[in-house]
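Here are a few notes from my pass through the model.

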Amino acid sequence: MQNKENEPMHILVTGGAGYIGSHVVRQLSQMQDIKITVIDNLCGGYFDSISELKLLFQSDRFEFLNVDLNDFGRVEELFKDSKFDGVIHFAAHLQVGESVLNPLKYYMNNTVNTTHLIHMCQKYEVNKFIFSSTAAVYGEPSKMPIRETTPTAPINPYGMSKLMSELVLQDAARANQDFKYVILRYFNVAGASMDNSIGECHIHETHLIPLIVHAAIGKREKIMMFGADYPTPDGSCIRDYVHVEDLASAHIQAWHYLNEGHESDVFNCGYGHGYSVKEVIDMVKRVSGVNFKVEIALRREGDPAELIADNLKIKNIMGWKPKYDDLELICKNALNWEQKMTKKGT
Ligand SMILES: NC(=O)c1ccc[n+]([C@@H]2O[C@H](COP(=O)([O-])OP(=O)(O)OC[C@H]3O[C@@H](n4cnc5c(N)ncnc54)[C@H](O)[C@@H]3O)[C@@H](O)[C@H]2O)c1
């Protein structure tokens with residue numbers, strides 16, 4: 001894959017040391033003639049993923065820089081010195097609860113830093129931008145499945161900080177016809193790479209599957225199930241869990257989509273069906289063989305009964321073909337990964 005100057009395409013990946021970013025970089029490594037620069041300040045990433053990723057590239061095709069997106073001077077130097085062909089932007093804070101307590105941390109990192117990054121793209125004519133957004137932009141929609149046209153109404157600063165970035169991107173693209181974006185709204189991302197070399201490693205884990213797995217491997221005493229009286233078949237919340245490898249492949253599709261000259265657009269990324277919290281707990285119990293303790297607590301504010309993606313748009317327009325729509329596989333991958341992390345003492 002080459003740019004207009006017949007050089008390898010050069011992609012800047014922000015947050016590429018993180019969970020989803022590292023899986024995308026890994027898949028990008030399989031494309032010929034691609035150069036990658038990862039920037040990450042490691043505030044939430046997994047440093048070992050960088051050494052794993054380095055192994056996949058020839059050294060002149062991959063560089064990692066410990067850069068904070070908030071360091072506008074350093075980010076601008078980077079744009080001046082490297083002719084990027086596109087940006088895949090993962091770097092963000094992502095704990096919903098923390099965003100309620102410290103909203104400015106989220107608006108600064110997720111919205112202000114993203115706005116600066118978009119500004120740099122436009123200033124240095126980097127015209128392809130893929131943005132990690134989230135189902136949290138929809139808030140608590142009453143109608144399932146959620147389509148891209150479902151009204152956005154975030155109920156926490158995290159979701160709002162992402163929605164604001166989406167709006168900045170859309171306005172910036174409207175004012176500059178050469179600049180094109182793909183916004184991917186992820187549903188619940190889970191699992192780890194098939195070879196167990198990279199996986200989820202959040203400093204303060206808040207996601208359901210890793211938390212359940214922590215209970216299975218004894219890293220936590222029990223798992224809390226918030227609400228057993230939802231209007232769902234077993235009373236617990238239902239979510240759409242997407243395997244991280246399938247989500248990563250959606251970014252590769254998005255990169256091709258932009259290179260083929262298509263228009264900017266927003267796409268949901270989920271499987272279009274879900275599992276209840278209870279079903280996920282039962283699956284982790286089954287694959288681990290451990291009957292860990294489950295405690296039922298009151299519902300949490302802002303947890304909708306069901307969040308399911310309508311994924312027809314990404315399938316029809318981008319030709320996304322997920323391969324790992326299998327809760328058992330997702331839970332096994334997550335379990336293997338956490339067992340490996342525990343052995344390493346991480
Ligand atoms: N994990 C999910 O289930 C999920 C769901 C929806 C959306 N998302 C979005 O996907 C993206 C990636 O999420 P993830 O789960 O891989 O998280 P992660 O924490 O593993 O990765 C994010 C990376 O960004 C880096 N980072 C954060 N702020 C930075 C800054 N100012 N400068 C440089 N690097 C910075 C962190 O060090 C980390 O490596 C985020 O934008 C998140 O909002 C994630």
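1. Setting aside neighbours within four places in sequence, P145 is in contact (heavy atoms within 4.5 Å) with I308, A309 and D310. The C-alpha atoms of P145 and E306 sit 8.9 Å apart, although 161 residues separate them along the chain. P145 itself belongs to the loop between β5 (128-134) and α6 (157-175); helices (H or I, at least four residues) and strands (E, at least two) are DSSP runs, numbered from the N terminus.

2. Before going on: this is a predicted model, where local features need pLDDT of at least 70 and side-chain atom pairs count only at pLDDT 80 or more, while totals for chains, interfaces and linings use all residues. Residues are numbered from 1 along each chain as its sequence is written, and side-chain values use heavy atoms, with hydrogens and water left out.

3. Buried or exposed: what about R185? R185 is buried, at 5% relative accessible area, whereas P145 is partly exposed at 39%. (Buried is under 20%, exposed over 50%, partly exposed in between, with a 1.4 Å probe and protein chains only.)

4. R185 sits in strand β6 (residues 180-186). Its side chain makes a polar contact of 2.8 Å with that of Y138; the term means a pair of N or O atoms within 3.5 Å, where within protein one must be able to donate a hydrogen and the other to accept it, and residues adjacent in sequence count only if both atoms are side-chain atoms. Beyond four places in sequence, the contacts of R185 include E148, E166, F267 and C269.
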